[in-house]
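Subject: The model, and some notes to go with it

Hi,

Here is the structure I promised to pass on. Please have it open while you read, and my notes follow below.

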Amino acid sequence: MTDTRTPDPGQGGRPRSRPWRRLTTALAACALAATGLAATPAGAAGQAATPAGAAGQAAWEPVPAPMTTPWTDQVPVDDPLPEYPRPQLTRPDWAGLNGLWDFAVTDADAGVPDSFDEQIRVPFVAESALSGIQRKITPDDKLWYQREFTVPEDWDGRDVKLNFGGSDWQTTVWVNGEKAGEHKGGFDAFDFTVTDHLEAGANTVTVSVWDPTQHGGGAVGKQRQDDEHDIEPHPGGGIWYTAASGIWQTVWLEPVAPAHITRLDLTPELGDETLRATVHAEGAEGAEGREVRVTVLDGGKEVGTATGAAGEELSVSVPDPRLWSPDDPFLYDVRAELPPAGDAPGDEVGSYAGMRSIGLKKIDGVQRPVLNGEFVFQTGTLDQGYWPDGLYTAPTDEALKYDLQAHKDLGFNMVRKHIKVEPQRWFHWADKLGLLVWQDMPSMDTGKVPDAAARKQWEKEYHRIIDQHRSSPSVVMWVNQNEGWGQYDQARIADEVKAADPSRLVNNMSGVNCCGAVDGGNGDVVDNHVYVGPGNTAPEPGRAAVLGEFGGLGLRTEGHEWYPGGGFSYEDQADTAALNDRFTGLLDGIRQGQMPAGLSASVYTEITDVENEVNGLLTYDRQVVKVDQDRVRAANQALIDASRDLPGAVTLPTGENRSLRVTTEGHTERFLRHEDGLAWTAPVTEESGATLKADATYKVVPGLGDETCYSLESRNYPGEYLRHRESRVRRDADDGTRLFEADATWCAVPGEGGVRLSSLNMSGSYLRHHDSEVWLATPGGKQPYDTLSKFTADTTWALEAPWAP
C-alpha cells in the first residue's frame, strides 16, 4: 500500500511537537537472558509494529529461487527472521519491522518517488529471490523503501530507536517526511533516535539506499555489479559473486530511557579471574559519567558484581571461572544496569560472556597461538556466507546456524568469515556452539589504490565493526586485509587494530605470498595461501605460521549446481571417494608434516559451493554434504589431538652417508637406489656388487632450498641429488635454479619405524616406492602411486648404515 503522505527529504527546521511524546513511563527493568534467546516473534513482550499494507497484500509471492535451500519455503511473508537481532545487548521491549515494504527504484540522483509500485520482503536484498524482486541493481539506481508502523502505547514516555542491522551502502532515513539520519557502510549496524519525528497513531518510515558496490570506494568483499553478474545463474563469475544491495539485516524499533546504555564491552581476564566490563551510555547530559552496575550470573546465580562510572572499565570478579573453548563453550549471563538518578529513569540490558584467553606463546621453541594458555591447532574453513535464495541473508535463523553446526559436525574448531561481516546472531551461534572465528574486514575493490576518502570510510567502518563484536568470545582474530585487494598501509593498520583490541590476535594480511601484495611484517601471524597446498608456511620471530587458504577440491553434484555442468575448482575430483581420499589426505599431511614443522592453523576453501565455485564440502543449496562426515571429523580430531601432544622434531645426520630401507611388510630387504638417472628400490645384501651398494648410498646434507630440511646427494655422483620432476623421483645435477633446489629438498616427518620425506615445494606429498619405482606421491591423488593403500608404510624409510662408506 502506498502512503499518500509523501515525505520531503529536504524539509528542515525544528520538528513540531509530537502528541505521542510524553515522558511519563519508566523503562521496564528486566532484560532477556542472553544465552537462552528463544526464536520468538518480534515484539515478544506483547508488542508489534503495524506493517505497511499487510492485510491487503496476500497475493505477494517471492520470485522462484534459482536454487532452493531446505529453508526457502519456511520464510514468513510478514515476519521473516523474527528473532531478537542483538543477542549481546538485549531489552525486553522491541518491535520488528521485517516483512513487506513498499518499494521503488529511481535514478541515483532522484528524490522520493511519487509512487511505490512494488513490494519487497525486508531484509532480503533486491537481487535475491526471497525479496520478491530479484533483479540487477546498478550504481545508477537508488532503492526506496516505505512502510507504516504504529508505536505500542505502553512505550509512551521513552525514546524510540530505529535500528538497522545492516544496509549496503549509503542509507538515508525519513520518518513522517523529516530526515532522521544518514549512514555510510554496508557491514556495521546503526540506529537513529526518531522520537521527535513520531506522531500519534500511524507513522511512515521512508528509506533510500544507494549502493555503487565496486564502482564506489567502500568495502565490498566478494560482491560485484557488472554484466557478468546478473541475477540468473551464470557461467563466468569466477571468485566474484552477485551484489547485495540495500537493506540486508533486520530492521526494528526499540524504546529506551532518555539516558540509556548503547554498548557493553566485555573482555575476560583470566590472570586475575575477572571480567573487564565497560558500559557506554548516552542520551542525556552526564549519561556517560553516571553510576552503572554489571553483574555476572551462572544459571541465575550471581557470580560477581561491580559498580562504577559509565564509560570506565570495571572489573567483575569471576572466581574459578569455567573456561570457554570449542570443547566446552560455556557462557555466563551478564546484566548491566544504569540505575535511576533522581527523576531520570534507569536502563537495563542483558548480555553474556565467555571466559577465555587468546595469545601467542613459544611451544618447544615454536611460536604458536594459544587458547587458554594451551596450543590447540585451529582447523577451519573459508565461509563466504552466501545463499542461493537470500544471497547475503540466510533465509531463517536456523539456516544461519546450520553452516556453523556443519563445521562442528565435520570436526572443525574454527571458521574464517571471509570478507563479509554477518548479523550479530551469527556470532551468537558461534559463541554457543563453540567455534573460533577469524573475522575478515571486507576489502575494497581489487586493482585499485583507494583515495583518502575511501580509506577514511573503510577504517571508520572497520573500527565500528570491532566495537560491535568485541564482546563475542568466539572471535579470536581480526584479519585486516586480503591478497592485496584495495590494500594499503598494512603495518599501520595492524598496529592500530591491535591497539583498539589488544585482547585478540591480529593478521596484518591474509595471503602474504599472493598476488604481489606486500606483507606488513607485523601482526601476530604470517599467513600464506597455497592452492591446493598445504605448502610450507614457517613461523617467524614474534609471529605464528598459519595457512589462511588452501584446498579448493571440486566435485560437481548433479541437480545441485548454480551453473549445471560448469563451475570451477582448484582441483577437480572424479567422484565422492576421490574427494574423501584427497581431502583427508590433506588434513593428514598437515598433521604429519606441517604442524610439527611449525604450522598452527589452516583454513580450507570452502564450507559450501558458492555460485560458480564447486569446491565446497557442502553444495550451495545445503542439500548435500559431499564428504564422508565421520571420516572428515576423525581426520580433524586427529589433527587437533596431535597438537596437544606434539611429536618431537626429526633430525637426520647431516654430513654423513646413509642408506634408506623400505619398511613396508614383505619388502624390507629393498633399499632406495638410483639407476640410469631414475630412483628405484632394489634388494641389497652383503653379496651385492659395489655399483649397486654405491647407488643405494646418499650423503645427507642441509636442504638446498631450506636448511631446516634435507637433500640427498648421490654417493657415486657427487653434485647430483634426488629430486622430483613431473612426480617421478630421479637423480639430477644441481643446475643452480630455485626450482631445482626446492625439488631436491625433503623435510623429515616422523614415521612408525622410520622417517617420512615430504617435498619442500609440494608439501603433503611424499617420497614413495610403488612397484619398485619411486615417486612423489600425494595421498588420495589421481595416480596409481597415490593410492591410500599402504601409503604410510610405503612412504616410511628406515635410515641404515651406508652400504658404501
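Two residues are in contact when they have heavy atoms within 4.5 Å of each other. Before the findings, a word on the source: this is a predicted model, where local features need pLDDT of at least 70, side-chain atom pairs count only at pLDDT 80 or more, and totals for chains, interfaces and linings use all residues. Residues are numbered from 1 along each chain as its sequence is written, and side-chain values use heavy atoms, with hydrogens and water left out.

Let me start with a pair of helices (DSSP runs of H or I, at least four residues, numbered from the N terminus, as are strands, which are E runs of at least two). Asp397, Leu400, Lys401, Leu404, Gln405 and Lys408 of α1 meet Arg425, Trp426, Trp429, Ala430 and Leu433 of α2. By class, this contact has six nonpolar, one polar and four charged residues. Here Ala, Val, Leu, Ile, Met, Phe, Trp, Tyr, Cys and Pro count as nonpolar, Asp, Glu, Lys and Arg as charged, and the others, Gly among them, as polar. Helix α1 covers residues 397–409 and helix α2 residues 424–433, and they pack at an angle of about 40 degrees with axes 10 Å apart. Those axes are lines fitted to C-alpha atoms over the stretch in contact, and the angle, on a scale from 0 to 180 degrees, is between N-to-C directions.

Next, the disulfides, meaning pairs of cysteine sulfur atoms within 2.5 Å. By this rule there are two. One joins Cys709 to Cys747, with 2.1 Å from S to S. This pair links distant parts of the chain, 38 residues apart: Cys709 is in the loop between β38 (698–702) and β39 (710–714), and Cys747 is in strand β42 (residues 746–751). The link is right-handed, with 85 degrees about the S-S bond. Cys709 and Cys747 are both buried, where buried means under 20% relative accessible area, exposed over 50% and partly exposed in between (1.4 Å probe, protein chains only).

The other disulfide joins Cys514 to Cys515, at 1.9 Å from S to S. Cys514 counts as buried because its relative accessibility is 16%, while Cys515, at 55%, counts as exposed.

Finally, have a look at Arg582 in helix α5 (residues 576–597). Is Arg582 buried or exposed? Its relative accessibility is 8%, so Arg582 counts as buried. Beyond its neighbours within four places in sequence, Arg582 has contacts that include Val532, Leu553, Glu571 and Gln573, as well as Thr778, Pro779, Gly780 and Gly781.

Best wishes
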